[in-house]
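User: Please take me through this structure by way of questions and answers.

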Amino acid sequence: MKTILVIDDDVHVREAIHDLLEANGYRSLTATTGRVGLDLAHQQRPDLILCDVQMPEMDGYEVLTVLRQSPDLQTIPFIFLTAKTERLQVRQGMNLGADDYLPKPCSAKDLLAALRTRLGKQEVLETQSQQKLDSLRRSIATSLPHEFRTPLAGIITAVELLRLVVDEQENAAEVLEVADTIQTFASRLHRLIQNFLLYSKLEVASHDPDYKRSLRGEVVSEPQHAIATIATDIATQANRPADLHLNLQEAKVAISWLNLEKIVTELIGNAFKFSPEQTPVEVVSIAHADRYQIQIVNLGRGMSPEQVANVGGYTQFNRQLYEQQGVGLGIAIARRLIELYDGHFAIDSIPNQVTTVKITLPLAEADGESDLED
């Protein structure tokens with residue numbers, strides 16, 4: 001049922017339109033002033049607004065101006081109602097973004113026809129917007145990964161071949177050094193592209209429930225083993241195996257292995273990246289009620305409350321003070337993946353003292369089967 005907001009200070013006109021709309025299958029909201037109408041529009045977000053031009057305190061032109069400046073309301077179809085039909089006034093309303101102009105009094109037939117026309121056009125626009133979003137989603141999910149990965153795979157393969165053909169050359173050491181450099185930068189670029197594509201898909205999923213469900217995965221039966229393996233590898237690569245402290249409970253978690261791996265890799269990797277050597281990085285997990293909580297603690301640089309509040313994609317903090325790689329997608333991706341499973345993500349940090357990242361994920365059902373779709 002479509003909702004129509006009627007803003008008119010004339011009680012007889014307002015009630016007559018209200019009764020007509022209700023009798024023809026519409027839900028009608030009414031407002032006696034422009035300000036009341038704006039409040040209702042923000043609260044209810046109607047499908048269309050009928051508004052008188054001449055009203056005390058705030059006239060129809062002012063109401064339309066405010067609506068067209070509001071990101072949440074600016075696309076709502078807007079029809080003026082007026083007893084005056086001078087050409088100049090009609091043009092003024094259209095210039096402000098009105099969709100139509102009806103004189104008062106107007107017949108019930110004309111009013112209903114205008115509503116059907118404007119609502120029909122709005123449905124077409126919304127359908128086109130959804131089609132464009134679907135097209136973008138398909139491009140991100142299929143075309144872009146192929147176009148990005150193919151040349152990178154060629155670079156990595158060429159480097160490996162280069163290594164094979166220089167074994168007996170006098171300048172083998174120099175060639176291998178160049179190959180190492182190429183491989184390092186190609187691998188970094190590959191990881192960046194993978195993160196970019198994943199983050200783009202997760203951003204689309206955050207506004208599309210059907211797509212969100214399609215990205216969810218199966219149950220991880222022994223997350224403690226996956227977490228321990230990933231954390232140990234990261235600590236070893238950082239030459240800090242002695243700094244890693246694990247206390248992990250077993251459970252069955254309703255998340256895919258790949259997504260859990262990505263979350264843990266990004267967050268434990270950050271804990272080592274932003275904390276000094278010979279300081280502990282603690283990873284603790286516990287199953288409680290229907291939730292599985294993972295806690296990662298480090299004694300590093302930390303974040304201010306403002307920085308925690310502004311964590312998002314492509315955001316890095318204090319880059320002018322610290323040399324660091326990446327574009328700031330790691331934490332944002334981890335948070336989006338956690339939200340994908342209706343989990344919870346939080347950061348508690350005291351700058352230059354301690355940072356605690358808390359992850360909460362749903363446990364799988366008792367029989368081991370997840371109610372999340374593959």
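Analyst: Helix α8 (residues 223-237) packs with helix α9 (residues 257-273) at an angle of about 40°, their axes being 9 Å apart. The model is predicted, with local features needing pLDDT of at least 70 and side-chain atom pairs counting only at pLDDT 80 or more, while totals for chains, interfaces and linings use all residues. Residues are numbered from 1 along each chain as its sequence is written, and side-chain values use heavy atoms, with hydrogens and water left out.

User: Is α8 oblique or roughly parallel to α9?

Analyst: The angle between the axes of α8 and α9 is about 40°. Angles under 35 degrees count as roughly parallel, over 145 as roughly antiparallel, 65 to 115 as roughly perpendicular and the rest as oblique. The relation of α8 to α9 is therefore oblique.

User: Which residues of α9 meet α8?

Analyst: Contact means heavy atoms within 4.5 Å. From α8, the residues are P223, A226, I227, I230, A231, I234 and A235. Those they meet in α9 are W257, L260, E261, V264, T265, I268, G269 and F272.

User: Is Q278 buried or exposed?

Analyst: Q278 lies in the loop between α9 and β7 (281-288). Its phi is near 65°, a positive value in a residue other than glycine. Buried means under 20% relative accessible area, exposed over 50% and partly exposed in between (1.4 Å probe, protein chains only). With a relative accessible area of 76%, Q278 is exposed.

User: What is the relative accessible area of D342?

Analyst: D342 is in the loop between α11 (330-340) and β9 (344-350). Although not a glycine, D342 has a positive phi of about 60°. D342 is partly exposed, and its relative accessible area is 46%.

Notes: Axes are lines fitted to C-alpha atoms, for helices over the stretch in contact, and angles run from 0 to 180 degrees between N-to-C directions. Helices (H or I, at least four residues) and strands (E, at least two) are DSSP runs, numbered from the N terminus.
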